[in-house]
Every structure is written in C-alpha cells, then in structure tokens.
Amino acid sequence: MTLHWPDEAATAAFAARLAQLPGTAAAFIALHGDLGAGKTTLVRHLLRALGVQGRIKSPTYAVVEPHRVDAREPALDAWHFDFYRFDDPREWEDAGLRDLFASPGLKLAEWPAKAGALLPVPDLDIAIAPRDDDSRDATVTARSALGRTLLQGLAP
Ligand code: ADP
Ligand code: MG
C-alpha cells in the first residue's frame with residue numbers, strides 16, 4: 001500500500017488509525033527511510049495515540065526505549081528500537097534484545113537493516129521517503145498474517 005502524507009498531521013492521522021487496530025499491540029513494525037524521513041515522528045504519534053503520556057524520548061543512544069501503557073486493558077508494552085548506532089552483535093545479547101523480541105507487545109524498529117539477521121521478520125515494513133515539497137511518500141508492506149490483517153485494517 002502506498003500513501004502520501006502531505007504534512008505531519010497526515011502522519012499523525014495514519015498513526016491514530018494504526019493505533020486503533022487490535023493487532024498493533026502485538027506487532028513488530030520495521031521503519032525504513034533516511035535520516036529525517038520521519039520514522040521517529042511516526043513512532044511518537046503512534047505511541048501517543050496508544051496512550052503513552054509524558055515525554056517520548058528517542059532511543060538513539062540506548063538502542064531501545066521501553067514504554068508501558070497501564071491505562072489499557074490489558075496493559076500495553078511497547079519497545080522503540082533505533083539500530084542506527086548498532087554495530088556489535090554482542091549488544092543484542094547484552095541488552096537482552098532477544099528477550100524483548102520474544103515478549104508480547106509492540107515493537108517499533110528504526111534502521112532494522114543495521115541489526116542484520118538478528119531481527120525476526122517484521123509484521124509490517126513502513127518505508128518513508130520525503131518529496132521535494134517536504135511531504136512524504138509511505139509504502140506499507142505486510143510480511144506476515146498479522147501484517148496482512150493490519151494492512152487490511154489500514155486500507156482506505
Ligand atoms: P527520522 O527518525 O526518520 O530520522 P524524524 O522523525 O526524527 O526522522 O524527523 C523528521 C522531520 O520531518 C521532523 O522535523 C518532522 O517534523 C518532519 N516530518 C515528519 N513527517 C512529516 C510529514 N509527513 N510531512 C512533513 N514533515 C514531516
Ligand atoms: Mg529517528
């Protein structure tokens with residue numbers, strides 16, 4: 001599915017729709033695109049729409065930033081990964097990343113390619129590309145049965 005997001009409000013509207021799908025709470029969503037494409041922006045709007053309150057820090061120096069929404073029933077765990085600076089596979093074991101990916105909850109990963117084959121196949125790939133007018137093209141691809149369910153729920 002290919003989408004056009006004219007401005008950040010369009011990104012936020014997409015995030016709000018994604019947040020409403022039940023399957024999102026258990027999905028692994030990989031985010032692709034160059035620096036400044038809008039990956040973190042999408043993550044922030046999605047976490048906000050899911051009920052995360054307070055400041056939403058970027059995990060750039062920590063690889064992973066955990067979030068929890070206790071107000072939901074059941075409570076929602078969400079992990080925001082940024083593998084931009086990931087260069088040593090030992091980080092994968094040391095930070096317990098394998099366990100996080102095996103846990104229930106939402107996983108959002110920027111720069112998944114930098115973690116190479118350590119990452120499981122995502123449910124959804126979202127690739128974001130800026131146009132010259134600063135709007136964004138977004139391509140959403142399903143990679144699993146859950147991903148296909150999400151994609152159907154997102155179809156206009
Ligand atoms: P990334 O995480 O991909 O490096 P960021 O989300 O940190 O990128 O930064 C993207 C920048 O582009 C932010 O300044 C944000 O306000 C802007 N932006 C994000 N989405 C859109 C959009 N759909 N249209 C216009 N600007 C956007
Ligand atoms: Mg980012």
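## Notebook: ligand 1 and its surroundings

I began with ligand 1 in this predicted model, and found that one of its nitrogen atoms is 2.8 Å from an N or O atom in the side chain of T11. Turning to the oxygen atoms of ligand 1, I noted that a polar side-chain atom of T41 lies 2.5 Å from one of them, and that a polar side-chain atom of R136 lies 2.8 Å from an oxygen atom of the ligand. I then looked up how far the ligand is covered: taken alone, ligand 1 exposes 580 Å², of which the protein buries 73%.

Where does ligand 1 sit? I found it in the largest pocket.

**Two buried residues**

Next I looked up T24, which I located in the loop between α1 (8-20) and β2 (28-32). Is T24 buried or exposed? I recorded T24 as buried, because its relative accessible area is 0% and the cut-off for buried is under 20%. Not counting residues up to four places away in sequence, T24 touches L18, L46, L106 and L150.

I compared this with A138, whose place is in strand β7 (residues 136-142). A138 also counts as buried, because its relative accessibility is 0%. Leaving aside neighbours within four places in sequence, I found A138 in contact with M1, T2, L3, W5 and A127. I also checked A138 against P112, and the two are 26 residues apart in sequence and 17 Å apart in space, C-alpha to C-alpha.

**Backbone notes from the loops**

Which residues does a cis peptide bond join? I found such a bond between E73 and P74, with omega at about 0°, and I placed P74 in the loop between β3 (64-69) and β4 (76-82).

I then looked at phi angles, and noted that W111 has a positive phi of about 55° although it is not a glycine; W111 lies in the loop between β5 (106-110) and β6 (124-130). D134, not a glycine either, has a positive phi of about 75°, and its place is in the loop between β6 and β7.

Notes: Residues numbered from 1 in each chain as written. Chains lettered and ligands numbered in written order. Predicted model: local features only at pLDDT ≥ 70, side-chain atom pairs only at ≥ 80, totals over all residues. Heavy atoms only, no water. Helix = DSSP H or I, 4+ residues; strand = E, 2+ residues; numbered from the N terminus. Buried < 20%, exposed > 50% of the residue type's maximum accessible area, 1.4 Å probe, protein only. Contact = heavy atoms within 4.5 Å. Polar contact = N/O pair within 3.5 Å; in protein donor to acceptor, adjacent residues only side chain to side chain. Areas by Shrake-Rupley, 256 points an atom, 1.4 Å probe, with all protein chains shown as cover. 1 Å grid on protein atoms, 1.4 Å probe; cavity = no way out; pocket = protein on both sides within 12 Å on 5 of 7 lines; lining within 4 Å. Sits in = over half its atoms within 2 Å of the grid points.
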